[in-house]
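Hello,

Here is the structure I promised to pass on to you. Have a look at it first, and then read on for what turned up.

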Amino acid sequence: MSPRADTTSGVRRFSRTERWVHRTTAALMGVCVLTAACLYVPPLAELAGRRALVVTLHQWSGLALPVPVLAGLASRAFRADLGRLNRFGPHDRTWLRAALHRDKRHESRPAGKFNAGQKIYAAWIAGATVVMLATGLMMWFTHLTPLVWRTSATFVHDWLALTIGIVLAGHIGMALADPEARKGMRTGEVSREWADRQHSLWRP
């Protein structure tokens, strides 16, 4: 019997450190999004009140956003998964073509531990976080940069924040539609049947 023949047993997908990084990053991102909404949406601003406190929470949660990922680099499993996310192979292009053509057959969407959509999302959100951090610092420490830089930073920060909100909503929606993926992030394990079906090239 092959190692993956038993579809009833579970396989390890994420380590405890990886789950901690994901949860902590999600919590910090949630605070950033919620406080941003309270700063820019008038009804929410009135409901929250205490604008100075909201601004402080927004600034410090944004500043802390890279910390879980940096701390996670101490984990071998986390570094290995970062390497997987950063590699884009021929099967990922096949997966993307099938996704763009709305081909939902699993055999037409080959994937390793992470599919092409997850890799693109991870790269995009990492880049967006860096840009948000840089522009946020320019807006926070106003004496360090000229006015034109701060004006441009504010424009980029505000519109990128809106885009991040939309992308995060899509990410959460896809997670809600896949209970097994949520279980993998919650407990660290997924079923072999799910792994074979959704990530046919992954060999845990």
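The axes of α1 and helix α9 (residues 179-187) come within 8 Å of each other and cross at roughly 105°. That makes α1 roughly perpendicular to α9, a term for angles of 65 to 115 degrees, with under 35 called roughly parallel, over 145 roughly antiparallel and the rest oblique. The axes are lines fitted to C-alpha atoms, for helices over the stretch in contact, and the angles run from 0 to 180 degrees between N-to-C directions. On the α1 side R19, H22 and R23 take part, and they meet G184, M185, R186 and T187 of α9; contact here means heavy atoms within 4.5 Å. By class, this contact has one nonpolar, three polar and three charged residues. For the classes, Ala, Val, Leu, Ile, Met, Phe, Trp, Tyr, Cys and Pro count as nonpolar, Asp, Glu, Lys and Arg as charged, and the others, Gly among them, as polar.

Before you go further, please note that this is a predicted model, in which local features need pLDDT of at least 70 and side-chain atom pairs count only at pLDDT 80 or more, while totals for chains, interfaces and linings use all residues. Residues are numbered from 1 along each chain as its sequence is written, and side-chain values use heavy atoms, with hydrogens and water left out.

Staying with α9, its buried residues are E180, G184 and M185. Buried means under 20% relative accessible area, exposed means over 50%, and partly exposed lies in between (1.4 Å probe, protein chains only). Seen down the axis of α9, these residues fall within an arc of 140°, so they line one face of the helix. The arc is that of the directions from the helix axis to the C-beta atoms. The partners of this buried set are α1, β2 (189-191) and α10 (192-198). Just after α9 comes G188, with a positive phi of about 95°.

Now for the other partner of α1. Helix α1 (residues 16-40) and helix α8 (residues 147-176) have axes that come within 11 Å and cross at roughly 130°. That makes α1 oblique to α8. The crossing of the two is left-handed, which is the name used if the near helix is turned anticlockwise from the far one by less than a right angle, with right-handed used if clockwise. H22, M29, V33 and Y40 in α1 meet D158, I164, L168 and H171 in α8. Those residues divide into five nonpolar, two polar and one charged. H22 is listed in the contact with α8 and also in the one with α9.

Is C38 buried or exposed? It is buried, with a relative accessible area of 14%. Leaving aside its neighbours within four places in sequence, C38 is in contact with L44, A45, A48 and V54. From C38 to Y121 there are 83 residues in sequence and 26 Å in space, C-alpha to C-alpha.

Next, α7. Helix α3 (residues 51-64) packs with helix α7 (residues 116-140) at an angle of about 140°, and their axes are 10 Å apart. That makes α3 oblique to α7, and their crossing is left-handed. The contact is made by Q59, W60, G62 and L63 of α3 together with L133, L137 and W140 of α7. It divides into five nonpolar, two polar and no charged residues.

The buried residues of α6 also pack against α7. In helix α6 (residues 90-100) the buried residues are D92, W95 and A98. They cover an arc of only 120° around the axis, which puts them on the same side of α6. An α-helix has 3.6 residues a turn, so residues three or four places apart point the same way. The face of α6 turned away from its buried side carries the exposed P90 and L100. After α6 comes R102, whose phi is positive, near 55°.

Finally, the chain as a whole. It has ten helices and two strands, which are DSSP runs numbered from the N terminus (helices H or I, at least four residues; strands E, at least two). Buried residues make up 31% of the 204 residues. The C-alpha atoms fill a box of roughly 65 × 35 × 35 Å, taken along the principal axes.

Best wishes
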